[in-house]
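I opened a new notebook page for this structure and went through a few places in turn. My entries follow, in the order in which I looked things up.

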Amino acid sequence: MADLERIYTVPLGDAYKAIRNKRAPKAVKILRSFISKHMKEEETGVILSNSLNSFIWERSIQKPPRRVKIRAIKSSDYTRVYLADEKIEEPKKEEKKETKKDEKKAPVKKVEPEPKKEAEPKKDEKAKPAAKEEPKKEAKAEKK
């Protein structure tokens with residue numbers, strides 16, 4: 001249940017006073033401080049929705065929007081912030097499934113590990129170059 005719900009248009013133009021590659025993070029900070037001031041909430045208690053965050057970052061870090069229209073909903077613990085036209089879904093509560101006593105679980109089969117195969121002896125790597133060198137020596141001997 002929402003204790004307080006308001007719609008605001010937040011000016012984010014001051015984010016353009018920051019250097020180019022820090023404008024979107026600055027816009028998020030401006031938005032949080034605006035909400036904390038107007039909803040009388042600590043900045044750590046302000047939660048932005050994913051779509052609002054995406055809207056701010058949509059045109060990259062360098063060009064955040066100049067203003068954004070939002071809906072702020074304050075509950076006892078925190079303040080959630082959404083886009084004004086965003087559909088708000090209540091968090092789903094997980095329902096625990098009741099297991100029937102008559103229902104039997106499938107038996108678990110025990111899998112025995114397969115016996116390890118003996119490793120094949122490795123071929124001598126030194127023997128390969130020696131084999132390649134021998135025909136060369138024979139070829140040289142034939143030329144002489």
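I began with Thr 79, whose side chain makes a polar contact with the side chain of Glu 41 at 3.4 Å; a polar contact here is a pair of N or O atoms within 3.5 Å, where within protein one must be able to donate a hydrogen and the other to accept it, and residues adjacent in sequence count only if both atoms are side-chain atoms.

Before going on I noted that this is a predicted model, in which local features need pLDDT of at least 70 and side-chain atom pairs count only at pLDDT 80 or more, while totals for chains, interfaces and linings use all residues. I also noted that residues are numbered from 1 along each chain as its sequence is written, and that side-chain values use heavy atoms, with hydrogens and water left out.

I placed Thr 79 in strand β4, residues 79–83, with helices (H or I, at least four residues) and strands (E, at least two) taken as DSSP runs numbered from the N terminus. Is Thr 79 buried or exposed? I found Thr 79 buried, at a relative accessible area of 0%; buried means under 20%, exposed over 50% and partly exposed in between, with a 1.4 Å probe and protein chains only. Not counting residues up to four places away in sequence, I listed the residues that Thr 79 touches, among them Ile 35, Met 39, Val 46 and Ile 73, where contact means heavy atoms within 4.5 Å.

Next I turned to Arg 23, which lies in helix α1, residues 23–38. Arg 23 is buried yet has no salt bridge, and the nearest side chain of opposite charge, Asp 14, is 11 Å away; a salt bridge is a side-chain nitrogen of Lys or Arg within 4 Å of a carboxyl oxygen of Asp or Glu, and Lys and Arg count as positive, Asp and Glu as negative, with His and the chain ends not counted. I did see that the side chain of Arg 23 reaches the backbone oxygen of Gln 62 at 3.2 Å.

I then looked at two backbone angles. Lys 40, in the loop between α1 and β2 (46–48), is not a glycine but has a positive phi of about 55°, and Lys 40 is exposed at 70% relative accessibility. Ser 60, in the loop between α2 (50–57) and β3 (67–74), has a positive phi of about 80°, although it is not a glycine either, and is partly exposed at 37%.

Last, I recorded that the chain has three helices and four strands, running β-α-β-α-β-β-α from the N terminus on.
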